[in-house]
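Subject: Structure handover

Hi,

Here is the structure we talked about. Please load it before reading on; my notes follow below.

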Amino acid sequence: MQIQQKSLLAKLLSTENITVEVKADLPTAAFDPTSRTMFIPKWKDMPACMQDLLIGHEVGHVHETPAEGWHDAVCEDRTLKSFLNVVEDARIERKVKTRYPGLVRSFYAGYRELFERDFFGVKDIDVNTLPLIDRINLHFKVGSFLNVRFSDTERPFVERCATTETWEEVEELARELHGKAQETAENDIDQLMEELNSSSDDSDMDMDGDMSSWEQSDSDEDETEESGSADGNSGEETDGESDDTQSASDSDGDEDDGVDVGEGVYEAPETIQDFVADGGVGSITDNSFRKKEGDLLDKETLTKDSVYINIPTNLDLTDVIIQPRDVYNWNDVEVGSYRDIDPKQYAEKLYKEFIAQNNKTINQMVSTFEMKRKASQFIKAKTAKTGDLNEDRLWAYKTSEDLFKQITSIPEGKNHGFIMYLDMSGSMFRNMSDTIAQLINLTMFARKINVPFEVYGFTTGSGYGWAHPNAKVGDFVFEEAKIVKLLTSDFSKSQLEEAYKYLLVWRASFEYRLKYRYGEGEYPVWMGDNKALSMGATPLNSTLVIGIEIAKQFRKATGVEILNTIILTDGAATDFADLWKESSFSGEMVPVQIGWRSAPVLKYGSSTYPMIEGNAHRNAELTCTLLEMYKDITGSKVVNYHILDRFAKRSLEDCKDYATIGNRDMGYGAWEKIYQPQRASGLIEVRDTKGFDVRYIMNGNKLGIDDEELEVKSAKKGDLLRGFRKFAGSKAQQRIFVQKFIPEVA
């Protein structure tokens, strides 16, 4: 399961809006009861049951473990920590399994898997020879799988551990168990050593049967015992080192287990060495578990430092978006060689020509769409019995059981809407004329089928750069994103016509500049000082962040059930994730770009979105991560119309980056198998692993809408029919934005 789904699981189980953060360098899931933050590591190759176990365990802390008193109690005595861990784990896991019975199986399967991986450090030891605290730990975690035994004097402690209700009871019991462990420490060590010696004898290891045999070779059992030296291959310990290793705990020459050993010498497991070093007080199984948790991590992520970027959750769009009233300013427009043509009259002419060229075809596509939508509704129609007896069918009671009235339900189509973002970067210059025509066609179609829409342009530009106000350390930096509101279904008929006319004049300005050198331009057209329509770079990443708030407000205003976001670009984003930091020189807030050795994590409220990596530029990786965040928050599908000025092999290979994100195995050979079969059509459909739901890579030279005439071979009925179908189909296919939008809303 993806880490984002695990974050959602943690929130749901916690029944509160806790903060969930992904930290690559964290060995296991953890919960901070003060800040109410759950930390989830990046696990590698971990079964789902183990992930559910570790998250469920921390959810238990969310519900039960108090913030106050925990750290003070732990720090009082280092060896007490493991006792508190064991008893508190038993309490919170019992309660979380009672609260969510579905976790019982995950806990059992997860702990059994961990035991088999020797996370408790006692896989090859008879568990019934372990100290009481370790048997209690294994009993409550691994359960009947191990058949742990307890004496009559020990059972009351086990029963109390199984019934603790409060933190105070946990602390009291842990201290009692800790005190009992101090009393039985010497006996616990002897019993454990006897088990280890017995195990080593069974494995043909040369052991004397007492602790001294751990640190001496078979050939030196006389003088070396008193000197405390370990004779092996090196055999060069100093007297001071030997004295450090000697223990006066008994007359047999028992020594500290954590010493270097030479050839032919048996060395105790590290967990046992630590246990003996602590004087036989502590939990072997708990300490081993904590040490080995790091083995579950995805080690590849540890070389990078996680950097959290805070995404604003409630942007004030009033200072971000350039409103239509500031866009459609006729005073800026100049038409004619001597500026002698009235811009509005020229716009009226362009609008009438455009309507004549497109209106009939749009109406035809609307009719086709309505038939398709109604057909889909009848396909989904359901017939059900009402429960009322049909008296007209009583005569058939001997031959049929179908005596009840029936009703056929035809489901209503869900309410659709779309938001479109038009790339207004300078590189769009050659394709902007045809793109504007396609865009107007799409909104005309949406208006006729009553689909709510909003259209925005996005770019950078002097005079309209915008930065997140009241920025704090770690906040996302907007790189001068300029968002221009061009069209909306909220416009009245007259407002929409006025906008179309202005956009058609803007379109004519591109046509004139493209054709001017060939003397083909009708009139020179300039948009004057209209800064709203000036073209710059492609701040797609900043636009996606701003777009989250736009989509939230659009959904609220229109009530749409299915939202489609269309992003029209001719290339990748030019902006990356910068964040605000405090300057070490001036103390002021300055934007800083995240380094290549960092692992960015986007944070929106309490949700986190780790950077999705691929064989691509970091800008593209950020775009895909932001798209996943955008879709998750807004519930929108995201479609990309990617226009290429040249449909050459090199240009198509440059479109591979998005396909590699979340799918590093995507090489040039695999990519060529995707685009090559579709290349001749001028339209390539791509469905990537992450990011856009679908990409339509389009040949910019095939975006034009031509005035074709009906051509027929003869007056025969068949030729007339074939000629009309070709004519009508060609006109519809030229309106590619509408064609690709229809399946989403039908």
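Helices and strands here are DSSP runs, numbered from the N terminus. The model is predicted.

Overall picture: the protein has 23 helices and 21 strands. It runs to 746 residues, and 51% of them are buried. The accessible surface is about 36500 Å². Carbon and sulfur atoms account for 46% of that surface. Take the contacts between residues at least 6 apart in sequence: 72% of these join residues at least 24 apart.

Two loop residues have positive phi without being glycine.

- Asn450 sits in the loop between helix H15 (432–448) and strand S10 (453–460). Its phi is near 65°. Asn450 has a relative accessible area of 68%, so it is exposed.
- Asp118 sits in the loop between helix H5 (103–116) and helix H6 (132–141). Its phi is about 60°. Asp118 is partly exposed because its relative accessibility is 23%, and the buried class needs a value under 20%.

Then the helix pair. The axes of H4 (residues 80–99) and H13 (residues 284–292) come within 9 Å. They cross at roughly 90°. H4 is therefore roughly perpendicular to H13, as that class covers 65 to 115 degrees. On the H4 side, the contact uses Ser82, Asn85, Val86 and Asp89. H13 brings Asp286, Asn287 and Arg290. Which residue classes make up this contact of H4 with H13? One residue is nonpolar, three are polar and three are charged.

Best wishes

Note on methods:
Residues numbered from 1 in each chain as written. Predicted model: local features only at pLDDT ≥ 70, side-chain atom pairs only at ≥ 80, totals over all residues. Heavy atoms only, no water. Axes fitted to C-alpha atoms, helices over the stretch in contact; angles between N-to-C directions. Helix = DSSP H or I, 4+ residues; strand = E, 2+ residues; numbered from the N terminus. Parallel < 35°, antiparallel > 145°, perpendicular 65-115°, else oblique. Contact = heavy atoms within 4.5 Å. Nonpolar A, V, L, I, M, F, W, Y, C, P; charged D, E, K, R; others polar. Buried < 20%, exposed > 50% of the residue type's maximum accessible area, 1.4 Å probe, protein only. Areas by Shrake-Rupley, 256 points an atom, 1.4 Å probe, with all protein chains shown as cover.
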